[in-house]
Amino acid sequence: MVQTRLIRLSAALTLIVSGGVLAGAQLTLPSAPARQFGASVTPAYEGWFDNPDGTHNFLIGYYNRNTQANVDIPLGPNNRIEPGNPDQGQPTHFLTRRRFGMFMITVPKSFAKTQKITWTLVVNGVTSSIPFHMHTDYNITPMKSSEESPNREFNTPPVLRFEEAGAKFAGPTATLATALTRTATVGTPMPLTVWADDDALYSSGGNGPLTGDRPPVILTVSKYRGPGTVTVTPVKFKDIKGGKPLEPYSGTAETAVTFSTPGEYVLHVNGGDQSGNGGGGSGCCWTTVVMKVTVAGARTGGGQ
């Protein structure tokens with residue numbers, strides 16, 4: 001018998017709000033415990049924020065309770081967003097554990113505060129549905145931290161570029177509509193270089209000191225959608241300047257991505273700062289970018 005669990009944004013999510021910061025969004029989501037395999041995946045609502053033109057953005061992540069298994073959930077009845085187009089840019093490949101602010105959905109200026117959109121995932125016999133709406137308590141500022149850094153300035157997300165003089169990306173604003181494009185060949189590593197700049201400020205979600213020895217920028221490249229396996233070599237950073245807390249940083253990161261099967265893929269790039277995973281509980285500051293990659297079959301010998 002299929003188990004159904006409808007999870008609503010309410011007191012059950014234990015969202016703790018302080019000074020407009022959605023601190024509770026950084027907490028482990030409730031319900032079933034994590035397991036190595038066979039567990040559920042739950043959508044996660046990080047919060048909402050406005051655009052200058054009056055439209056609104058929902059920032060969305062997820063919690064994969066499978067600690068040893070990535071999960072693929074094709075678009076359709078088991079991975080849908082409602083109302084409207086069931087495909088609104090959500091992932092079909094889910095990494096392990098809690099992943100913050102992986103994508104963004106923009107709704108029109110006319111979208112009322114009482115309106116909702118709902119993301120439903122069905123995994124291992126468990127149905128999880130999370131509705132998103134523009135309650136005041138869930139308003140966040142992902143482009144500028146609401147908490148001061150130790151020097152009394154405010155943390156901002158890292159700035160990423162995929163060409164030295166290319167377009168700049170900042171903030172968790174990844175959408176398929178703004179995706180970069182690349183081509184690759186099965187079995188041949190696709191080199192990927194990222195230029196990164198950061199203010200070297202950080203957030204902790206409670207004005208606490210920075211814990212641990214964290215690099216100024218942390219880059220994660222992963223499969224977001226696609227028919228085959230994606231292998232990413234360890235990211236190697238080359239520092240250009242800075243590197244210590246409160247010392248502005250610039251550097252380049254190099255990796256390579258290999259695809260096992262021809263087809264259309266989407267890669268997800270996440271650039272975090274010293275605040276740590278999910279911005280240290282502040283709702284800021286990390287940057288997301290998606291990249292569409294068309295992968296051709298491997299070339300064979302022969303010919304004229």
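Biologist: How many bridges join strand E15 (residues 190-198) to E19, and do these strands run parallel or antiparallel?

Modeller: Strands of a sheet pair through backbone hydrogen bonds, in either a parallel or an antiparallel sense. Here E15 is joined to E19 by 9 bridges, and the two run antiparallel; strands (E) are DSSP runs of at least two residues, and helices (H or I) of at least four, numbered from the N terminus, while pairing requires that DSSP find at least two bridges between two strands. Within this pair, Leu 192 has Thr 255 of E19 as its bridge partner. Please keep in mind that this is a predicted model, in which local features need pLDDT of at least 70 and side-chain atom pairs count only at pLDDT 80 or more, whereas totals for chains, interfaces and linings use all residues. Residues are numbered from 1 along each chain as its sequence is written, and side-chain values use heavy atoms, leaving out hydrogens and water.

Biologist: Which other strands are joined to E19?

Modeller: Strand E17 (residues 230-232) is joined to E19 by 3 bridges, again running antiparallel, and Thr 231 has Thr 258 of E19 as its bridge partner. Strand E18 (residues 236-241) also pairs with E19 in the antiparallel sense, over 5 bridges, with Lys 238 set against Thr 252 as its bridge partner.

Biologist: How many residues of E19 (residues 249-259) are buried?

Modeller: Of the 11 residues of E19, 9 are buried, so that the strand is mostly covered, where buried means under 20% relative accessible area, exposed over 50%, and partly exposed in between (1.4 Å probe, protein chains only). Over the protein as a whole, 48% of the 304 residues count as buried.

Biologist: What places Thr 188 beside this strand, and is Thr 188 buried, partly exposed or exposed?

Modeller: Thr 188 belongs to the loop between E14 and E15, and counts as partly exposed because its relative accessibility is 43%. Leaving aside residues up to four places away in sequence, Thr 188 touches Val 257 and Thr 258, contact meaning heavy atoms within 4.5 Å. Thr 188 and Thr 258 are 70 residues apart in sequence, yet their C-alpha atoms are 6.0 Å apart in space. For the protein overall, among contacts between residues at least 6 apart in sequence, 72% join residues at least 24 apart.

Biologist: What is the strand order in the open sheet of 4 strands, and which strands stand at the edges?

Modeller: The order is E14-E21-E20-E16, and the pairing is mixed. Strand E14 (180-185) and strand E16 (217-225) each have a single partner strand, so one side of each is left without a neighbour in the sheet. Strand E20 (residues 263-273) and strand E21 (residues 286-296) pair in the antiparallel sense over 10 bridges, with Leu 267 opposite Met 291 of E21.

Biologist: Which residues have the most contacts inside the largest nonpolar core?

Modeller: In soluble globular proteins, nonpolar side chains tend to be buried together. The largest nonpolar core here has 29 residues, and those with the most contacts inside it are Phe 58, Phe 94, Phe 103, Trp 119 and Phe 132; such a core is a set of buried Ala, Val, Leu, Ile, Met, Phe, Trp, Tyr and Cys residues joined through side-chain atoms within 4.5 Å. The elements giving two or more residues to this core are strand E4 (41-50), strand E5 (56-64), strand E9 (97-107), strand E10 (117-123) and E11. A second, separate core of 25 residues includes Val 194, Ala 196, Ala 253 and Val 293.
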